[in-house]
Structures are given as structure tokens and as C-alpha cells.
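Good morning, everyone, and thank you for making the time.

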Amino acid sequence: MKRMWAICSKELQLYFFNPTSYFAIAVYVLLSSIMFYVSFVVYQPSIIDYRLILGDTIFMLLIVIPLLTMRLMSEEFRQGTDELLLTSPVTATEIVLGKYLASLGLLIVLILCNMVYPLTMSFFGKLDITLLLLSVLGVFLLGAAMMAIGLFASSLSQHQMVSAVIGFVILLTLWLMDSFASGATGSSLQQWLAPFSLSGRLNNMIKGVLHGPDLLYYITLAALFLVLSIQIVERKRWR
Amino acid sequence: MLQVQQVSKHFDRRRSVDGIDFEMERGEIVGFLGPNGAGKTTTMRMITGYLTPTSGQIWLDGLPMHEPSRKARGKIGYLPETPPLYPDMTVMSYLRFVADLRDVPARQQKLRISEMIDRLGLEGRERQVVRSLSKGYKQRLGLAQAIIHKPDLLVLDEPTSGLDPSQIVEIRQLIRELGEQHTVLLSTHILQEVSTLCSRVLIINEGKLVADGPSNQLDSSLNDKFQVALEVKSRPAVLHTLLDGWGWSETDYVLTDPDEQQEQLIRVRLQGEDGTDFRERLSLALGEARIPILELRRESMSLEDVFLKLTSESAPESATVELPSSSESSAEESSATEATPAKDELTPLTKTSNKASKKMNNKEDRA
């Protein structure tokens with residue numbers, strides 16, 4: 001447990017010192033502010049609703065999350081610091097979970113940045129707090145699953161850019177799962193694929209419905225990719 | 001303390017390490033010597049549990065390192081070829097991280113870290129970012145990382161590579177001090193390092209162990225013929241008539257003037273047929289012929305020669321040289337080197353000696 005926290009706090013420190021993480025967060029904040037400006041200030045909607053901006057900002061996660069996770073494992077392999085980790089009394093599980101916890105910390109920072117918009121909106125009308133909290137929970141679960149996928153992609157290559165691209169491709173595929181067969185809505189293919197869609201699973205929660213299978217989907221997805229990452233780190237010994 | 005039993009490692013059908021077998025006792029400083037790509041790093045990675053051997057077993061104090069448990073890994077300190085540092089962290093936060101990682105109890109951490117900073121001369125750099133440290137300081141920090149948890153076995157992979165001469169001397173001094181408390185296995189391709197630091201040397205070539213023994217005995221056991229370097233002032237023709245017919249196994253005359261009848265400086269390398277000392281006879285004979293001796297020196301084979309001899313391609317696979325171990329008494333040692341089986345094993349290797357020593361001659365001539 002102590003070793004896992006050691007790795008987690010090391011990763012948070014490195015995020016803090018690394019310009020890439022600032023850059024990624026800055027891009028996220030900039031683009032989502034532009035979207036907020038367009039949909040709230042330019043169009044001046046007649047209702048106050050966080051969801052006006054939510055859909056656009058979560059799409060940004062697709063780009064930002066691979067940028068934030070690409071460093072996690074790749075950099076260790078490239079710098080040779082994996083020799084330190086794998087020869088010390090840490091298990092692969094502790095390494096991966098420590099790094100994952102740090103990435104969740106960063107996800108919370110991202111979500112807090114996004115809270116500026118509902119805060120601004122609250123000056124102009126009354127927000128539905130329950131709906132807001134449920135949406136935030138949904139975004140957190142979605143982001144947590146995406147971070148796990150990004151971490152997995154990072155463990156595949158020792159080049160950060162390759163990791164980022166792999167992560168982006170996996171995320172985009174899962175994201176668009178329900179629109180692959182969009183030409184034939186209601187077709188059996190779409191019915192099969194839709195439950196696995198990253199974005200589709202969020203719809204219930206945004207509507208204010210807490211649905212068990214949705215929670216289970218995100219948690220399972222995160223767990224699956226964490227287990228895969230642990231396996232890959234463990235496999236390094238067997239090259 | 002450490003037992004490496006028939007360990008092999010294959011990478012995609014290529015055999016990197018092939019049936020290595022040795023043991024280490026507590027308190028030894030063992031030098032692991034070999035040309036680049038001989039399998040030193042791979043072997044060390046297997047000993048530290050970073051790689052799993054394809055076959056064979058490694059035991060550290062009775063704990064398996066081929067399937068390392070957490071406890072076994074805690075007993076090892078490892079400095080890879082490039083020190084495993086995070087360039088963005090400060091020296092202090094890096095040491096704190098490693099202390100956590102290596103299970104140093106929280107109460108002792110502060111003490112242990114300040115001990116490391118003291119010992120490795122990192123004072124005043126605690127808040128410096130690792131990226132901005134010089135290569136020598138990075139190497140020190142790498143060493144601090146390896147010894148912070150007081151490991152039983154310290155494994156150092158080319159600890160002095162890429163350092164400038166004064167840093168090399170400092171790091172060697174540190175390793176010598178560490179050798180008083182830890183068992184050390186260090187790899188290098190600098191032969192001088194082995195003779196100054198190590199009590200015992202293992203030579204590896206193309207994944208196989210070719211020699212194992214105390215570092216100061218490597219040369220004497222391979223050097224079965226008495227060899228002398230001589231510098232005289234004489235006419236070559238006179239010298240030839242005097243020395244020819246003594247029964248040399250190898251001679252090498254270097255003239256400063258091609259004219260054989262001209263008096264000149266002559267450098268001669270003489271090798272007797274066996275180990276008997278012929279210096280007395282030689283100097284008397286030269287004195288009688290009134291040839292002034294400018295230099296007369298016994299040539300013992302340098303580690304370079306031994307190394308070339310052992311790793312030259314013509315060395316057959318079976319010719320693993322078992323040198324007497326340092327634990328045996330000196331009487332046994334001398335008898336073991338004289339013993340016939342050892343010589344039989346050595347014979348295939350000595351065939352290459354002419355070639356090896358000639359190479360050395362050429363080098364010296366050029367210098």
C-alpha cells in the first residue's frame with residue numbers, strides 16, 4: 001500500500017513538473033471555453049442547463065486523455081527507470097494502480113476546471129443541482145475508464161507519441177461504437193454494438209437516471225484495461 | 001550467498017547467455033569482465049530479477065531470484081548502466097521516493113537519506129533538479145538509490161562508464177568503501193578496474209564463462225613460460241651469435257637501425273621454454289661479452305593479455321579455466337596451478353599466445 005502511494009505521489013509530482021500536462025489542460029480549458037462562449041454567450045439560450053456545454057467538453061476528453069496518460073508507462077521504459085521499479089519490492093499491480101490513481105487525480109483537476117461553466121451559469125438562473133452532480137459522476141466514471149485505456153496504451157510502447165495515438169484510436173473506436181451502423185438505425189448490428197459505446201452509456205446519467213448497468217460498464221472497462229496493463233508490465237520480465 | 005546455476009537466456013532464438021554457473025560468498029567484490037555484448041548486462045539483469053532466465057536457477061540466501069519474491073528483491077541493490085533517474089524530480093524527492101519503494105521504514109527515512117547525501121557527497125544539491133546534475137553526480141545518485149536500503153548484494157553495471165578520470169577515481173573509492181559492508185558484483189570492460197577493486201574476477205565471452213578466479217592469480221596460472229624484456233646497446237650480429245641457441249620458445253628483436261653491423265639500441269623480448277628464471281644467466285653472459293644492459297625486466301602477463309587470450313575466438317568451448325579459489329590455502333593454490341589437469345585445460349588456450357603477445361608488441365612499438 002505504501003509503495004503504491006509512493007508511485008502515485010511520484011506521478012503527481014511529475015505531472016506537476018511536466019509541461020505536457022499543463023499544455024494538455026490548457027488546450028482543454030481553452031477549447032471548452034470557446035465552446036461555452038459560443039453556446040452560452042453568442043446564442044444566449046433561454047434555459048440554464050449544464051448539459052448545454054457538457055456534450056462538447058466531454059468530447060474534448062478524447063484528445064486530452066491520451067495526451068495525459070501517454071507518459072505514464074512509456075517514459076519509464078524509455079528512461080530505463082523500469083529497471084528500478086521492477087527490481088525493487090514493488091509488484092506490477094502496485095505500479096499500475098499507483099499510476100492509475102495519479103491519473104484519476106488529474107481527471108479531478110479536469111472536472112474542476114469544467115465546473116467554472118455551471119458556476120458562471122448559476123449567476124444567471126437556477127441550476128438543477130441533482131442533475132449537475134449526476135452528470136459530474138457520469139463524466140468522472142467515463143474519464144476513469146478512458147484513463148485506464150490510456151494507461152494500457154502507454155504500456156504498449158516506449159515512445160510517447162505512439163502511445164498517445166494508440167490510446168486515441170482505441171478511445172475513438174469505443175466512442176463511436178453506436179454510430180458505426182448509424183446508416184441503418186435499429187439494425188441488429190447496431191443493437192449489438194450500441195451497449196459497448198463509451199459515449200452512449202453516459203446518456204442515462206445526463207438525463208438524471210442512475211442506471212446500474214451503466215456504472216458496471218465503466219467500472220468493468222476500467223478494471224479490464226488495468227488488468228491488461230498489469231499483465232504487460234509483468235510480461236516485461238519474460239522477454 | 002549467491003548461487004547462479006546453469007543459467008541461460010535466449011532472445012528470439014539468439015543465445016545471449018549460455019549456461020553460466022558460479023557462486024559468490026558474502027563480503028566478496030567480484031568483477032564481471034567481458035567485451036561488449038558478451039552477456040554481462042543480461043546476466044546481471046537476471047540476478048536482480050529484472051529478467052527471468054530461460055533456464056537455470058538463481059538463489060540469493062536460499063530465496064529464488066528466478067521467480068523473485070518481494071523479500072528477495074529487497075535484498076538487492078542494483079545500479080543499471082544508465083542510472084534510473086527521473087530528470088524532473090529533485091534529488092531529495094527522488095531519494096524519498098526510492099526509500100518508500102524499497103521499504104525503508106518511515107522512521108528511519110530521514111536519517112538514511114541524510115546518510116546517503118553525506119556519504120555520496122551530494123550536500124548542497126538536495127533541491128537541485130536531477131536533469132541539471134553532472135554525469136558524475138547522476139552516477140552518485142544512482143549509487144545512493146542502490147544502497148539506501150542496505151542491501152545484502154550490490155549489483156553495479158559498468159559503474160564508471162562515461163565518467164571523467166577524476167570522477168572514475170572517486171567512484172572507485174566509493175565502491176571500495178561499499179565493499180567493506182556489502183557483497184558487490186560489478187561489471188566492467190576496463191581491466192585495470194578489476195585489478196584495483198576486485199578480489200575475484202569472472203570473465204565472460206559470448207555468453208559463456210571462460211575464467212573464474214582471484215584477480216591476482218589470473219596471469220600467473222596462464223603464464224607458464226618465463227618472459228623477459230631486455231634493452232641493450234650492441235651490434236645486432238654480436239647479440240644474435242650470443243643469444244641464438246639458448247632454446248627460446250619465442251624471440252622478438254626490435255632494432256633502431258636496420259644496419260646489422262652498426263652499434264645501436266636493441267629491444268629484445270625473450271621467452272623461455274618453461275617457467276625457469278634465466279635472468280641471472282642472461283645478465284652474466286651479456287656482461288662477459290661486454291654488452292651494456294640498459295634495461296632487464298621480467299614480463300608478467302598483463303590482464304589485457306589474459307583477457308585477449310581467454311576471449312580470442314580460437315578458444316575452444318570446453319576450455320573453461322578453473323583457477324584456484326581464494327578460499328583455498330596458498331600451498332594448495334600453487335600446487336593446483338602446477339597440477340597436470342589444469343595445464344591440460346590450459347594448453348588449447350596458450351596456442352593463441354603468440355598471436356596475442358605479438359599484438360601487444362605492435363601496440364607498444366607504435367606507442
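Predicted model: local features only at pLDDT ≥ 70, side-chain atom pairs only at ≥ 80, totals over all residues.

Let me begin with chain A, where 51% of the 239 residues count as buried, buried meaning under 20% relative accessible area, exposed over 50% and partly exposed in between, with a 1.4 Å probe and protein chains only. Residues are numbered from 1 along each chain as its sequence is written, chains are lettered from A and ligands numbered from 1 in the order in which they are written, and side-chain values use heavy atoms, with hydrogens and water left out.

The secondary structure of chain A consists of 12 helices and 0 strands, where helices (H or I, at least four residues) and strands (E, at least two) are DSSP runs numbered from the N terminus. Among the contacts in chain A between residues at least 6 apart in sequence, 77% join residues at least 24 apart, a contact being heavy atoms within 4.5 Å. Chain B, by comparison of composition, has 14 helices and 15 strands; buried residues make up 51% of its 367 residues, and residues 24 or more positions apart account for 71% of its contacts with a separation of 6 or more.

The unreviewed UniProt entry lists as "transmembrane region" residues 21-44, 50-69, 100-117, 129-153, 160-177 and 215-233 of chain A; these positions are given in the numbering used here, feature names are shortened, and annotations may be inferred rather than shown by experiment. In the model, residues 100-117 of chain A are 94% helix and 0% strand, with the end C-alpha atoms 27 Å apart, and residues 215-233 of chain A are 100% helix and 0% strand, with their end C-alpha atoms lying 27 Å apart.

Now to the packing of helices, and to the question of how H3(A) runs relative to H9(A). The axes of helix H3 (residues 51-69) of chain A and helix H9 (residues 160-175) of chain A come within 8 Å and cross at roughly 155°, where axes are lines fitted to C-alpha atoms, for helices over the stretch in contact, and angles run from 0 to 180 degrees between N-to-C directions. That crossing makes H3(A) roughly antiparallel to H9(A), given that angles under 35 degrees count as roughly parallel, over 145 as roughly antiparallel, 65 to 115 as roughly perpendicular and the rest as oblique. The crossing of H3(A) and H9(A) is right-handed, a crossing being left-handed if the near helix is turned anticlockwise from the far one by less than a right angle, and right-handed if clockwise. On H3(A), the residues making the contact include A:Ile58, A:Phe59 and A:Leu62, and on H9(A) they include A:Phe168, A:Leu171 and A:Trp175. By class, this contact of H3(A) with H9(A) has 11 nonpolar, 1 polar and no charged residues, with Ala, Val, Leu, Ile, Met, Phe, Trp, Tyr, Cys and Pro counted as nonpolar, Asp, Glu, Lys and Arg as charged, and the others, Gly among them, as polar.

H3(A) also meets helix H6 (residues 92-114) of chain A, their axes coming within 12 Å and crossing at roughly 150°, which makes H3(A) roughly antiparallel to H6(A). The crossing of H3(A) and H6(A) is right-handed. A:Thr57, A:Leu61, A:Val64 and A:Leu68 of H3(A) make this contact with A:Leu106, A:Leu110 and A:Asn114 of H6(A), and these residues divide into 5 nonpolar, 2 polar and no charged.

Turning to chain B, H1(B) is mostly covered, with 6 of its 8 residues buried. In the loop between helix H1 (40-47) and strand S4 (55-60) of chain B we find B:Thr48, which counts as buried at 0% relative accessibility. Not counting residues up to four places away in sequence, B:Thr48 touches A:Thr87, B:Met65, B:Ile76, B:Tyr78 and B:Val155. H1(B) is followed by B:Gly49, whose phi is positive, near 85°.
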